[in-house]
Amino acid sequence: MIRFATIGTNWITEAFIRAAKQVPSFHLQAVYSRQKETADAFAEKTGATQTFTNLHELAACDDIDAVYIASPNAFHAEQAIMLMNHGKHVICEKPLASNVKEVKAMIETARKNDVVLMEAMKTTCLPNFQAIQHHLPKIGRIRRYVASYCQYSSRYDAFKQGTIANAFHPAFSSGALMDLGVYCLYPLVVLFGEPKSIQAHSVRLSSGVDGEGSIILDYGEMDAVVMYSKIANSYTPAEIQGEEGTIVIDTIHTPTRVHIHYRDGRTEDISVPQPHEPMYYEALEFMTLIERGEKESTINSHARSLVTMKIMEEARKQTGIVFPADERFA
């Protein structure tokens, strides 16, 4: 069994635990929260046998092998580095950190301590994303990638009334790019690597984070367009456009229906069954690495996490989005 602890008591942590319990080697040993009452309630709900309110005590606990981190983005690097320095494997919610220097420090710490570090990007571990990769040659020379993740935030109405939640606060390294845009960018990097250059635009909110934005990425003989928003909805599917056909993906963050529309009028359904909950596949990838003694995913690799963060940092630089973490982390 792989004995897990979790950091974060929100819905996404619940979703991870629910999915990870479908992997036979998963055992939920402990949960962490700053408040004992919250930790106790979450442990009772999820079946954890221990609770922690002190991160140093969690890191030093010999009964824990791996930790899932779902705290606010600004805390990812500090928490992950502490845990890895105590020999814990870490799967950390996207985005992996606040900026490039944090990601580099996390990768260096993982390698130094011989532990697994993996970004919890579910999209790229899903069977339907792998189907996209498999069928990509069918559409000929790729000319454009288009992806959109625009979802009106449940916290935006409160923001407009003057209440700034974590999702709209720069102190937590939040905003539309960090929370949603990453879902458009990480699959792009997995499929096509690092772009030659980018052009970014965003709408800044009064708190200093972006409410929405767009990025055009130059790949030489192809380009990519990504759009993201926490202040408006979009219902546009993603596309990968080739000279012989176009792959149409229902949602880039959780693809379930994928079709090829060929130039000659034919349509091919390349969707495959995904019998498990979406987060199951990232949990399985992470635990398989630990069981095999491997230290890095070939899907959500260190290099891909670093390239994705380089794009996001450059986009923030171009659009004037600055986080306290950019200056705080040495």
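**View 1. Strand β7 and the second largest pocket.** In this predicted model, strand β7 (residues 142-150) supplies three residues, the largest share of the lining of the second largest pocket. Strands (E, at least two residues) and helices (H or I, at least four) are DSSP runs numbered from the N terminus. A pocket is an open set of points on a 1 Å grid over the protein atoms alone where a 1.4 Å probe fits, with protein on both sides within 12 Å along at least five of seven lines; lining residues have an atom within 4 Å of a point. This pocket holds about 180 Å³ of space, a volume being the space filled by probe spheres set on the points. Its lining numbers 14 residues, with Ser-148, Cys-150, Ser-234, Thr-251 and His-253 closest to the centre.

**View 2. The largest pocket.** The volume here is about 1300 Å³. Among the 42 lining residues, Asn-10, Trp-11, Ile-12, Ala-70 and Arg-155 lie nearest the centre. Helix α1 contributes the most, four residues.

**View 3. The largest nonpolar core.** A nonpolar core joins buried Ala, Val, Leu, Ile, Met, Phe, Trp, Tyr and Cys residues through side-chain atoms within 4.5 Å; buried means under 20% relative accessible area (1.4 Å probe, protein chains only). The largest has 84 residues, of which helix α8 (residues 176-192) provides 13, the largest share.

**Notes.** Residues are numbered from 1 along each chain as its sequence is written. Local features need pLDDT of at least 70 and side-chain atom pairs 80 or more, whereas totals for chains, interfaces and linings use all residues, and side-chain values use heavy atoms, without hydrogens and water.

Technical notes. Buried < 20%, exposed > 50% of the residue type's maximum accessible area, 1.4 Å probe, protein only.
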